[in-house]
Amino acid sequence: MRSNISNSEQYSSPHGAASAPSYQVTSPYQLHTSSPNPTENFEDERHNNNLNGDDSVYKISLTEILYSSSSYNAIVKPVTLTMILAALAVVFINDEQTLQQGEQAMREAYTVWDTDDSSQSNGETLVLSLGNALIMVSVICAMTFVIVLLYKLRCMKVLIGYMMFSSSTLLGVLGGSMFQVAIQIYDIP
């Protein structure tokens, strides 16, 4: 997009008449025109950019590059900090007993049929494992379908409530569990 257009600058058409729409730029990402037809504006802008013979439709300004890099940094910094803190928590707040308890809890949470029975044949164990996997995938697909359906139906308040509830529940349960493990490991009275 062209970010150096003044508020009332008129472009003349190839025939010399000033009939092309006027452009008004309020920010690098908003382009307002006086023409009611948006495709006409796109074609006019593409024509203006291709007058010098290059194939690019839009020229990227320095402001757009700086905005993109600051958006990238705004996401990378908290994600990196979270990953570092999670790795430190795993190293310093776990011991062998808590790791085994966590593995057992995860194993029990995601299995419907027990596959650890030694009396089962390999075929039965394979069928039960595939059944457990199918149930997990089905639940994830159903939850995703419901979320996408709510989004399509524009039930934003329900989605926001769900996100707030699930985030606070996860933070509360996992944070409380981590705090309890830290108290046990470091013998905090």
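This report describes a predicted model of a single chain, from its overall layout to selected residues.

## Overall layout

The chain has 189 residues, with 5 helices and 2 strands. Along the sequence, these elements follow the pattern β-β-α-α-α-α-α.

Buried residues account for 13% of the chain. The accessible surface is about 14,800 Å², and carbon and sulfur atoms contribute 66% of that area. Of the contacts between residues at least 6 apart in sequence, 28% link residues at least 24 apart.

## Confidence

Mean pLDDT for the chain is 76, with 69% of residues at 70 or more. Helix H4 (residues 122–152) has the highest confidence, with a mean of 94, and strand S2 (residues 30–33) has the lowest, with a mean of 46.

Two stretches stay under 50. In residues 1–35, where pLDDT remains under 50, the model has 66 contacts beyond four places in sequence. In residues 38–43, also under 50, there are 8 such contacts. Where pLDDT is low, the predicted coordinates should not be read in detail.

## A nonpolar surface patch

Eight side chains need to be listed together here: Leu81, Ile84, Leu85, Leu88, Val91, Phe92, Tyr186 and Ile188 form a nonpolar patch on the surface. Phe92 belongs to helix H2 (residues 62–92). Phe92 counts as partly exposed because its relative accessibility is 49%, and the exposed class begins over 50%.

## The H2–H3 loop and helix H3

Asp95 sits in the loop between H2 and helix H3 (96–109). With a relative accessibility of 33%, Asp95 is classed as partly exposed.

Thr98 is in helix H3. Its relative accessible area is 11%, so Thr98 is buried. Beyond its neighbours within four places in sequence, Thr98 is in contact with Ile93 and Val181.

## Asn132 in helix H4

Asn132 is part of helix H4, the element in which confidence is highest. Asn132 counts as buried because its relative accessibility is 7%, and the buried class covers values under 20%.

The side chain of Asn132 reaches the backbone oxygen of Trp113 at 3.0 Å. Trp113 is also among the contacts of Asn132 when neighbours within four places in sequence are set aside; the others are Thr111, Val112 and Thr115.

Most residues other than glycine have a negative phi. Phi of Arg154 is near 60°, and phi of Asp187 is near 50°.

Arg154 lies in the loop between H4 and helix H5 (156–185). Its relative accessible area is 72%, so Arg154 is exposed. Asp187 is found in the segment after H5. Asp187 is likewise exposed, with a relative accessible area of 63%.

How values were computed: Residues are numbered from 1 along each chain as its sequence is written. This is a predicted model: local features need pLDDT of at least 70, side-chain atom pairs count only at pLDDT 80 or more; totals for chains, interfaces and linings use all residues. Side-chain values use heavy atoms; hydrogens and water are left out. pLDDT is the predictor's confidence in each residue, from 0 to 100. Helices (H or I, at least four residues) and strands (E, at least two) are DSSP runs, numbered from the N terminus. Contact means heavy atoms within 4.5 Å. Patches are made of residues with over 30% relative accessible area and no salt bridge: like charges are joined within 9 Å, nonpolar side chains (Val, Leu, Ile, Met, Phe, Trp, Tyr) within 5 Å. Accessible areas come from the Shrake-Rupley method with a 1.4 Å probe; for residues, only the protein chains shown count as cover. A salt bridge is a side-chain nitrogen of Lys or Arg within 4 Å of a carboxyl oxygen of Asp or Glu. Buried means under 20% relative accessible area, exposed over 50%, partly exposed in between (1.4 Å probe, protein chains only). A polar contact is a pair of N or O atoms within 3.5 Å; within protein, one must be able to donate a hydrogen and the other to accept it, and residues adjacent in sequence count only if both atoms are side-chain atoms.
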